[in-house]
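Student: I am new to this structure and would like a close look at a single part of it. Could you take me through that part slowly?

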Amino acid sequence: MNTHILRSTAAAALVATGALTMSPPAQAHGAPEFPVGRVYNCYKNPSLPACQAAIAYGGPQAIYDWNGVNQGQAAGNHQAVVPDGKLCAGGQEKFKGFDLPRADWPATPYSPGADGKYEFRYFASAPHRTLNWTFYLTRDGFDPSARPLRWSDLDRVAQLGPDQMQTVGQNYLMRLSLPKRTGKHVLYSIWQRSDSGEAFYGCSDVDFGGTGTTPPAIPSSLTQIGQVAAAQDLPAQSTATLRVFDKNGADLEKITTTLTAATAKADWLARVATLTNAGSAYVKMGALQGGVVVVPSGAAQMDVYALQANSGVRFALDTQLPSTTPPTNPPVVGDTWVEGATYKVGQVVSYQGKQYRCLQAHIAYKGAGWMPNAVGTLNILWKAI
């Protein structure tokens with residue numbers, strides 16, 4: 001009997017008997033949730049025919065590791081670490097079943113919203129700092145049953161920074177401007193971290209032929225843990241830092257901004273909040289509106305929310321004013337050096353075409369020979385500048 005049929009039969013039996021039990025992976029990262037990625041969809045629906053085939057071909061470990069379709073050292077060089085034919089697997093052998101050319105990969109009906117953009121939602125089971133999101137879409141005429149996906153099948157259609165996504169609970173939300181397509185396609189997403197070279201990959205099958213599906217509402221796991229307030233306007237070169245600690249008081253992260261000009265208290269607090277909401281893996285700052293934390297305009301006080309209700313994180317807002325210590329021994333420009341005059345520390349004089357700064361206060365007694373360039377006194381009373 002054909003070994004491929006044997007594997008498929010075995011996988012079907014496991015699904016039918018409930019023996020293919022899904023458990024959370026030890027290390028979690030994330031996967032496309034809307035439109036749903038192939039691996040994540042099969043984690044939730046392993047009895048689908050395409051999922052059974054993927055499990056039979058590549059093994060069940062892929063389903064246990066549904067949120068680890070990654071490359072640890074991608075660092076933006078995605079085509080170098082993920083070869084043609086292995087895009088949906090993120091270049092990993094254990095996910096190879098998800099690159100099988102099939103016509104029955106379940107596709108999410110996909111249509112734009114009122115703003116003309118398409119929603120993309122990513123379930124971040126473990127948040128990471130974001131450098132960017134890059135999106136590719138298959139070209140017209142693409143046939144998912146003909147061969148595994150290649151880079152040449154794709155057009156790059158969007159790249160977004162961390163300031164172009166919203167975090168709601170454990171979900172990252174983005175709005176995509178996509179070119180016109182008809183029929184079934186693959187939306188290929190890449191999430192590149194900024195704090196390491198690691199990147200995550202996902203194949204989401206979509207169908208542009210219908211009216212679209214509204215994604216379900218996201219239950220918010222945000223928990224208010226306190227407030228921050230700006231007590232005063234800050235002068236130029238001040239710094240403002242939101243410090244986040246774990247439940248034992250250890251530092252987790254610092255979000256710092258340095259002000260290049262004098263800034264009103266509501267404005268510098270809004271800047272800290274914007275940086276926090278774009279980069280923090282633990283908290284959000286602002287006001288909760290419809291499940292999303294937004295930065296209110298003109299507010300000198302804001303709420304702080306923990307992304308995870310039971311994380312136990314705490315925070316503190318620190319401000320540091322610029323130093324006001326005057327410079328040591330500021331130069332005092334004087335006239336030509338003459339005998340008999342009194343000189344102060346820092347005073348600058350000219351003598352025989354050069355300038356000198358006074359190192360010790362003294363009276364240049366007549367006949368003492370304490371000229372600025374005199375041998376023996378040059379390094380005691382004066383310094384050439």
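Student: In which strand is the place of Glu119?

Tutor: Please keep in mind that this is a predicted model. Within it, Glu119 has its place in strand β4, which covers residues 118-123. Its relative accessibility is 18%, and because buried means under 20%, Glu119 counts as buried. The side chain of Glu119 also makes a polar contact, at 3.2 Å, with the side chain of Arg121.

With a relative accessibility of 0%, Val283 counts as buried. Leaving out residues up to four places away in sequence, Val283 touches Ile225, Leu242, Val244, Thr276, Val304, Tyr305, Ala306, Leu307 and Val313. One of these, Val313, is 30 residues from Val283 in sequence, while the two C-alpha atoms are 8.2 Å apart in space.

As a wider setting, nonpolar side chains in soluble globular proteins tend to be buried together. In this model the largest nonpolar core has 36 residues, of which Phe98, Leu149, Trp151, Tyr188 and Tyr201 touch the most other members. The elements that give two or more residues to this core are α2, α3, α4, β9 and β10, and α3 gives the most, with 5 residues. Phe98, apart from its neighbours within four places in sequence, is in contact with Arg38, Val39, Cys42, Ala54, Ala62, Ile63, Cys88 and Trp105.

Terms used: Residues are numbered from 1 along each chain as its sequence is written. This is a predicted model: local features need pLDDT of at least 70, side-chain atom pairs count only at pLDDT 80 or more; totals for chains, interfaces and linings use all residues. Side-chain values use heavy atoms; hydrogens and water are left out. A nonpolar core is a set of buried Ala, Val, Leu, Ile, Met, Phe, Trp, Tyr and Cys residues joined through side-chain atoms within 4.5 Å. Buried means under 20% relative accessible area, exposed over 50%, partly exposed in between (1.4 Å probe, protein chains only). Helices (H or I, at least four residues) and strands (E, at least two) are DSSP runs, numbered from the N terminus. Contact means heavy atoms within 4.5 Å. A polar contact is a pair of N or O atoms within 3.5 Å; within protein, one must be able to donate a hydrogen and the other to accept it, and residues adjacent in sequence count only if both atoms are side-chain atoms.
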